[in-house]
Amino acid sequence: MSDPLVHLTLISLHILAVFLYTLGRVNLARRISHYRLLSRFACISAGVMIPANLACLSTPSGTIHPLTQSFSIASLLALAALTWYFRHPSCKQDPSRVVLAIGAHPDDLELACSGTLARLVDHGHRVHALVMTHGAIGGDPSIRPDEARDGARFLGLTSCDLHDLPDTHLAESSHTMVSLIEAAIARHNPHLILTHSANDQHQDHVAVHWATRRAARNHPAIICYESPSATPAFCPHAYVDVSGYLDTKQMAVELHKDQSAKPYMANSVLQGMATFRGRQGRMDDAEGFEVIRLPLFGGIL
């Protein structure tokens with residue numbers, strides 16, 4: 001291959017890498033960990049190597065040409081190798097392994113346990129979401145349900161059922177919530193149920209917790225996730241390693257643009273909480289859960 005053709009090929013490959021990591025953001029971010037780091041690596045490599053290869057096209061052949069080619073090839077191979085190394089497992093879905101996650105508001109599941117939900121999906125579980133309100137008091141009810149569906153789709157959830165019960169007044173709809181949760185349990189037959197904790201400052205979160213406890217009174221596996229509004233009494237008994245899923249969680253939360261001004265939506269807050277719970281669980285990053293009931297050898301997490 002002639003020298004100019006090599007440089008043109010390398011330029012094209014760098015452009016393709018940037019294209020894949022930017023326009024293919026949603027798919028790649030869900031399929032690999034450390035997406036943001038690799039995306040920056042792709043952009044910086046292209047920013048350096050594309051001008052270098054263009055300069056080689058306008059200068060006579062010399063020792064700089066093979067050096068530029070070598071560095072370009074090395075950076076592209078490194079990007080490909082790292083992308084492969086940091087890929088999430090992709091297990092075939094097993095319809096017999098089912099999880100039901102219940103939240104009060106459209107962004108509750110993403111904020112509290114989306115790392116765990118993504119990991120469960122990647123390990124072959126069918127994960128269903130049940131959301132009780134459109135979040136009308138805390139945001140725009142014409143936007144927030146679609147953001148919840150976008151988040152569920154991004155995480156790979158099997159379904160996301162949204163209901164429009166009165167936001168901030170869910171305690172008044174306790175019987176309705178129990179019926180909805182009972183119907184979801186009967187429909188999906190989940191092996192594991194995730195819900196809000198009773199140790200929470202938000203009255204809707206507490207109402208969903210007790211509705212879940214009543215509806216799932218005969219279910220053997222219930223755990224409670226930690227919302228940003230959890231009180232100091234929240235005391236996790238179980239930790240899920242989400243070390244490879246922080247980018248996934250942050251990007252799932254970012255899909256809730258209507259809530260982006262809230263301080264607890266910030267990536268630094270999500271990272272800080274994951275690091276804190278990870279330290280408690282003796283891992284890099286974790287999501288903590290209070291356990292109501294959980295079979296020790298159920299093979300869910």
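Reader: Why is Glu287 called buried?

Author: In this predicted model, Glu287 has a relative accessible area of 4%, and since buried means under 20%, Glu287 is therefore classed as buried.

Reader: What makes the pairing of Glu287 with Lys249 a salt bridge?

Author: The closest N and O atoms of Glu287 and Lys249 are 2.8 Å apart, and the rule asks for a side-chain nitrogen of Lys or Arg within 4 Å of a carboxyl oxygen of Asp or Glu, so the pair qualifies as a salt bridge. The two partners belong to distant parts of the chain, with Glu287 in strand β7 (residues 286-293) and Lys249 in helix α9, 38 residues apart.

Reader: Is Lys249 buried or exposed, and how do you know?

Author: Lys249 has a relative accessible area of 9%, and because the limit for buried is under 20%, Lys249 is buried. Lys249 sits in helix α9 (residues 246-254), and, leaving aside neighbours within four places in sequence, Lys249 is in contact with a set of residues including Glu110, Leu111, Cys113, Leu270 and Glu287.

Reader: What makes the approach of Lys249 to the backbone oxygen of Leu111 a polar contact?

Author: A polar atom of the Lys249 side chain lies 3.1 Å from the backbone oxygen of Leu111, and the cut-off for such a pair of N or O atoms is within 3.5 Å, so the distance meets the cut-off.

Reader: How do you know that Arg31 and Asp122 meet in a salt bridge, and where do they lie?

Author: The N to O distance between the side chains of Arg31 and Asp122 is 3.0 Å, and the cut-off is within 4 Å, so the pair is counted as a salt bridge. Arg31 lies in helix α2 (residues 25-31) and Asp122 in helix α5 (residues 108-122), 91 residues apart, so that distant parts of the chain are linked.

Reader: Why does Phe19 count as partly exposed?

Author: The relative accessibility of Phe19 is 45%, and because exposed requires over 50% and buried under 20%, Phe19 counts as partly exposed. Phe19 is in helix α1 (residues 3-23), and together with Leu13, Leu16, Leu20 and Leu23 forms a nonpolar patch on the surface, with about 480 Å² of accessible area together.

Key:
Residues numbered from 1 in each chain as written. Predicted model: local features only at pLDDT ≥ 70, side-chain atom pairs only at ≥ 80, totals over all residues. Heavy atoms only, no water. Patch = residues over 30% accessible without salt bridge, like charges linked within 9 Å, V, L, I, M, F, W, Y side chains within 5 Å. Areas by Shrake-Rupley, 256 points an atom, 1.4 Å probe, with all protein chains shown as cover. Helix = DSSP H or I, 4+ residues; strand = E, 2+ residues; numbered from the N terminus. Buried < 20%, exposed > 50% of the residue type's maximum accessible area, 1.4 Å probe, protein only. Polar contact = N/O pair within 3.5 Å; in protein donor to acceptor, adjacent residues only side chain to side chain. Contact = heavy atoms within 4.5 Å.
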